[in-house]
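Notebook open, structure loaded. I want to go through it a bit at a time and jot down what I look up.

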Amino acid sequence: MSHRNNEESAVMDTASLEFERRVAALLADSADSLDGRTRSALTRARYAALEKAPQPSSRARSAISRGWLPAGAVATALLVVVFFVGQRPPHGSLSAPSAAGGVDDFALVIDADAFDLSNDGDMDLDSDFYEWAAATGGTSGTGLGDGNNS
Amino acid sequence: MFATLNPSMAGMGPLKEGYLSDATQAHSRELERFLAGVERKAYRIAQIGLRNEQDALDAVQDAMLQLVRSYASRPAAEWPPLFYRILENRIRDMQRRSTVRGRVMSWLPWNSEDDSDDPVALAPDPAPGPVAQLQGGEIMAALEAALAELPARQRQAFLLRSLEGLDVAQTAQAMGCSEGSVKTHHFRAVQVLRARLGDFWQ
């Protein structure tokens, strides 16, 4: 144990440092002077490795494949439906007129009622006509194309 | 050496100029520069450890792939120890696999490569020793042979410190051991190499 500690704390002498420097330089030169075939193979290996890096597009694909995108679409559709259903007034009820245009809106409602009443009057006129037509139908004919227009 | 960038850029890929942010592009370019800067030394380290060019290429490519896939989002200052730790693990796995394959093949009766009875294979190696090789100009071959005969941990410590230039802390992180162990392995490696090759280097 003490021998190991001595080695760990040992400082290499100058000759050892110079030896290591020469060996390192020799190895570095051999690495820099690799043949073209090996350098080409290393370059291809590097490009192949870099091509395998995870891409943002692959992340998007994985999001689709994991179902996050369909789930998001369904959630968005539900939000849209809830929004429109919440805005729609209950069936048969009238919304309160707003403070800004309440008078005009109310006038339109009154006009609509008047229009409906006049329509009801037309219906009364039509019933009179149908009663008259039923009473005179057997004697006057259609009145069209019978040659008595003059 | 390497700037620290925002870790939130996790998983950004390389050089997709069209839609990546400037920071992400810079991070990708920095990752590419890092790999380009270490690939040759990493190959030499793997080649010395595996003694096989194709295996060394495979080990370097695997280390690059794993770094890009798993640690590209890390700050650039963390890449060197991470990369060399991955590489060392890969080298060790391939060495084990090669050892197991060799043992299995040696047991197969139809193994044509079994030369245990071949008198030529059993004859002493007539190749000159390290000193003779150095004197004959085969400096690199002798150095590689000496490095290959080192224990794995000593070889790792020596190559990471001397060839790659990692400091003690980075080397310890790459080797998965304490800084004291790195100093011990490195010191012993230098002493052994000097003993084997020192006649030439004096």
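This is a predicted model: local features need pLDDT of at least 70, side-chain atom pairs count only at pLDDT 80 or more; totals for chains, interfaces and linings use all residues.

Of the chain B contacts between residues at least 6 apart in sequence, 57% join residues at least 24 apart.

Residues are numbered from 1 along each chain as its sequence is written, and chains are lettered from A and ligands numbered from 1 in the order in which they are written.

Next I looked up the elements of chain B. I found nine helices and zero strands, with helices (H or I, at least four residues) and strands (E, at least two) being DSSP runs numbered from the N terminus.

How much of chain B is buried? I get 38% of its 202 residues. Buried is 20 or more other C-beta atoms within 10 Å of a residue's own, exposed is 12 or fewer, and partly exposed is in between, with C-beta atoms placed from the backbone.

I then picked K183(B), which sits in helix α9 (residues 179–201) of chain B. K183(B) counts as partly exposed because it has 19 C-beta neighbours inside 10 Å. Its C-alpha atom is 9.1 Å from that of A172(B), eleven residues away along the chain.

On to where the chains meet. Chain A puts 31 residues into the contact and chain B 36 residues. On the chain A side, α1 (2–9), α2 (14–32) and α3 (36–51) each supply at least two residues. α2(A) gives the most, with twelve residues.

Last, one helix pair. The axes of α3(A) and helix α1 (residues 22–50) of chain B come within 10 Å and cross at roughly 140 degrees; axes are lines fitted to C-alpha atoms, for helices over the stretch in contact, and angles run from 0 to 180 degrees between N-to-C directions. That makes α3(A) oblique to α1(B), since under 35 degrees is roughly parallel, over 145 roughly antiparallel, 65 to 115 roughly perpendicular and the rest oblique. Residues making this contact include L42(A) and R46(A) of α3(A), and E39(B) and Y43(B) of α1(B).

Notes
Two residues are in contact if their C-beta atoms, placed from the backbone, lie within 7 Å.
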